[in-house]
Amino acid sequence: MQRFYLDDNATTNLDPRVREVMEPILSGHLGNPSSLHAEGRRARGEIDVARDSIAAWLRAKPSEIIFTSGGTESCNLAVQGLARANAGRGRHLITAKTEHHAVLHAFHALERSGDFEVAYLDVKPDGIIDLDDLARAIRPDTILVSIMSANNETGVRQPMCEIGEICARNGVFFHTDAIQSAGKETLDLKKWQVSAASLAAHKIHGPLGAGLLWLKAGIPLARLMEGGSHENERRPGTENAPAIAGFAEAIQLFGNVDPDESSRQFRWIERLWQELNSLGGVRRNGHPRERLANTLNVSFLGLHGEDLLIALDLAGLSVSSGSACLVGSVQASHVLAAMGVPDEWASATVRFSIGSQIRDEDIDEIARRVHQVVNHQRALRGWKPDQVLSTNMERSIQPEIEICHTVP
């Protein structure tokens with residue numbers, strides 16, 4: 001049976017061309033990048049080339065790139081590092097309830113320290129923050145706003161230009177978790193007016209264990225660890241030269257949006273949704289248009305989440321319930337809760353996040369298997385068609401603001 005991998009938002013496959021760049025570094029006599037001998041200089045050279053390449057892609061300065069172990073560290077470094085380094089200016093912070101746990105838990109840690117106060121913004125039913133709420137939440141002592149550019153569970157994109165303008169107008173630092181956006185939409189850090197942005201290699205066919213924080217020049221940052229003067233004294237620890245080189249190659253290959261591929265994925269997701277909607281008792285979560293082209297989040301009424309995911313896996317469909325950072329467990333989604341999705345819907349939710357490996361002819365087969373699994377699971381649980389509630393969230397969603405992204 002052919003398997004379909006539909007979980008690109010969790011991680012993508014390591015591209016063979018990226019592996020080819022990494023293998024000579026791994027197989028050679030690699031030194032410590034901080035050493036002065038030839039092997040150390042070679043490792044340092046690989047990192048410097050990668051840093052220059054990534055900086056050019058971001059239209060940034062090489063000194064603004066801080067390499068980390070991945071997206072979670074990058075988000076923690078941004079949130080906690082910016083808050084602690086700038087506490088003299090104020091101790092009030094703002095984020096959204098739908099952020100990735102890497103951001104939310106960083107804010108929780110700052111709250112628990114007793115040194116900071118955090119405002120957690122609600123979102124509208126479509127998953128987009130209310131810009132008026134953000135503007136009202138900013139106080140004279142607010143120093144940092146952190147809002148992700150695109151949600152990992154629903155794919156919903158935030159109005160980055162407008163958020164950036166509000167922050168800039170109020171003199172507030174603006175961090176964005178842009179990990180899901182890379183390769184799927186253009187990252188225009190200058191237009192967004194962000195102060196810092198987090199990225200991870202494995203979301204764009206790069207290696208696991210490599211990430212970065214872009215930090216605008218001149219902004220103070222407190223480092224989270226002690227132990228060395230690496231990364232311009234902002235992130236101690238020996239740099240992972242092979243992974244960093246792979247990260248740079250992945251960005252060159254996949255960092256720029258392919259409009260044709262993006263348009264295809266947008267159409268495929270719409271087709272898949274139409275096929276699944278015909279089941280009845282299904283609900284699409286998140287704005288249907290202001291979203292990443294590859295992402296569809298669907299709830300199935302009358303089912304149990306873990307049973308549904310296991311059955312879909314046995315049917316050859318690799319999907320998830322949302323975030324992949326809960327050690328394989330199926331837990332209620334804080335994102336859907338923040339969007340006001342009722343428990344009876346949120347309890348059985350599937351995220352489909354496709355990549356370029358999916359073809360047009362695959363969509364019908366994927367939909368057929370989902371139909372088969374859902375109908376079988378509902379029959380086992382005694383679910384009846386007359387139990388269907390209001391199913392189509394899309395009909396009530398109207399765009400209230402024009403977001404600066406371009407929808408495929």
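This is a predicted model: local features need pLDDT of at least 70, side-chain atom pairs count only at pLDDT 80 or more; totals for chains, interfaces and linings use all residues.

Residues are numbered from 1 along each chain as its sequence is written, and side-chain values use heavy atoms, with hydrogens and water left out.

Colour by pLDDT, the predictor's confidence in each residue, from 0 to 100. The chain's mean is 92, and 92% of its residues reach 70 or more. Now select 389-403: there the pLDDT is below 50, and the stretch has 38 contacts in the model beyond near neighbours in sequence. (Contact means heavy atoms within 4.5 Å.)

Next, pick Ile-54, Leu-58, Leu-199, Trp-214 and Phe-247, the residues with the most contacts inside the largest nonpolar core, which has 60 residues. Such a core is a set of buried Ala, Val, Leu, Ile, Met, Phe, Trp, Tyr and Cys residues joined through side-chain atoms within 4.5 Å; buried means under 20% relative accessible area (1.4 Å probe, protein chains only). Another core, of 31 residues, lies apart from it and includes Trp-268 and Ala-348.

Move on to helix 11, residues 305-314; helices here are DSSP runs (H or I, at least four residues), numbered from the N terminus. Which of its residues are buried? Gly-305, Leu-308, Leu-309, Ala-311 and Leu-312. They cover an arc of only 165° around the axis, so they sit on the same side of helix 11. (The arc is that of the directions from the helix axis to the C-beta atoms.) Just after helix 11, click Gly-316 for a positive phi of about 85°.

Note on methods. Buried means under 20% relative accessible area, exposed over 50%, partly exposed in between (1.4 Å probe, protein chains only). Helices (H or I, at least four residues) and strands (E, at least two) are DSSP runs, numbered from the N terminus.
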